[in-house]
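Morning, everyone. Let me put one chain up on the screen and walk you through it.

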Amino acid sequence: MATHYYRQIFSKNLTHNLKTRICSSYLSTLPKSQLDVAQDAQSFLDESKYKLSNPDAFDVKNMVKIKNLFEAGVHFGHTEGTLDDRMKQYLYGNRLGHLIIDLNHTKRLLQQALNVTAHISYRGGVILFLCQSPLNCLTVENCAKECGEFAHTRYWRDGMFTNSSRIFKSETRLPDLCIVLNTLSSTSKNNSGQHSVLSDAAKMLIPTIAIVDTDANPNIVTYPIPGNDDTPSAINLYCNLFKNVIVKAKKIRKEILNKNKIIIET
């Protein structure tokens with residue numbers, strides 16, 4: 001696709017025209033053939049803006065504020081005795097026997113996770129939200145429904161990814177991204193207590209985003225986000241952020257596809 005556009009651009013020698021492509025009044029004065037090529041070039045540039053190498057193509061940095069994280073209680077960790085040593089790098093300190101998570105780390109890693117989510121959603125990927133906390137299951141299910149994705153908030157059967165065709169009796173489309181809102185699960189058969197989907201997703205090379213509290217292991221997650229995974233206010237914040245970025249990415253993709261459709265028809 002890119003080669004096709006570049007051939008059109010350079011064969012017509014439109015270097016000057018591309019520099020002034022944003023000016024609609026200039027485009028309206030071009031001959032018809034040059035106008036068509038300039039529109040094609042504009043379409044290509046719209047798509048190239050959202051390429052994977054762009055660290056913030058969907059403006060996610062303005063979506064995450066430390067003030068909002070603090071007000072939602074994202075910085076609250078568990079007691080000192082439950083600390084996983086691999087979470088020490090994300091700690092700010094402790095108060096009255098409870099660990100405090102450094103929200104600067106949370107903000108940076110949450111922005112990275114949102115950017116990944118937006119890119120996958122923009123390219124039509126399937127996203128699966130997971131949560132096994134009875135207190136927050138309804139919130140997660142509503143979040144997935146509102147952004148047109150999927151949710152699993154019940155007991156996770158081993159092999160649902162690795163042996164899906166046998167379990168579901170047919171070929172199954174696996175998700176392109178798993179977002180786990182609580183990493184530890186009381187129903188997990190693993191000795192570590194980690195949600196079983198993390199190991200299943202790793203076996204199938206499916207990237208995972210997970211909220212890791214101070215008692216969880218961040219090393220088994222592709223994109224870990226240190227933060228409180230129990231409080232409803234924190235879960236609401238996470239769900240709203242992921243929902244908004246997914247909806248935004250889908251809207252941008254739809255606009256670009258509609259623009260390309262109009263150009264082709266004309």
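Accessible areas here come from the Shrake-Rupley method with a 1.4 Å probe, and for residues only the protein chains shown count as cover. On that basis the chain exposes about 14,300 Å². Carbon and sulfur atoms supply 53% of that area.

Some ground rules. This is a predicted model, where local features need pLDDT of at least 70 and side-chain atom pairs count only at pLDDT 80 or more, while totals for chains, interfaces and linings use all residues. Residues are numbered from 1 along each chain as its sequence is written, and side-chain values use heavy atoms, with hydrogens and water left out.

The overall fold. We have 10 helices and 8 strands. These are DSSP runs, numbered from the N terminus: helices are H or I with at least four residues, strands are E with at least two. Of the 266 residues, 47% are buried. Buried means under 20% relative accessible area, exposed over 50%, partly exposed in between, with a 1.4 Å probe and protein chains only. Contact means heavy atoms within 4.5 Å. Take the contacts with a separation of 6 or more: residues 24 or more positions apart account for 64% of them.

Now helix α7, residues 137-146. Which of its residues are buried? Cys137, Val140, Cys143 and Ala144. Seen down the axis of α7, they fall within an arc of 130 degrees, so they line one face of the helix. That arc is taken over the directions from the helix axis to the C-beta atoms. An α-helix has 3.6 residues a turn, so residues three or four places apart point the same way. On the other side of α7, Leu138, Lys145 and Glu146 are exposed. Just after α7, glycine 148 has a positive phi of about 75 degrees.

On to helix α9, residues 196-203. Its buried residues are Ser196, Val197, Leu198, Asp200 and Ala201. Their cover includes β4 (127-130), β6 (177-180) and β7 (208-212). Just after α9, leucine 205 takes a positive phi, about 60 degrees.

Last stop, tyrosine 50. Where does it sit? In the loop between α4 (32-48) and α5 (66-71). Tyrosine 50 has 10% relative accessibility, so it counts as buried. Leaving aside neighbours within four places in sequence, its contacts include Ala57, Phe58, His119 and Ile256. Tyrosine 50 and histidine 119 are 69 residues apart in sequence, yet 7.7 Å apart in space, C-alpha to C-alpha.

That's the tour. Over to you.
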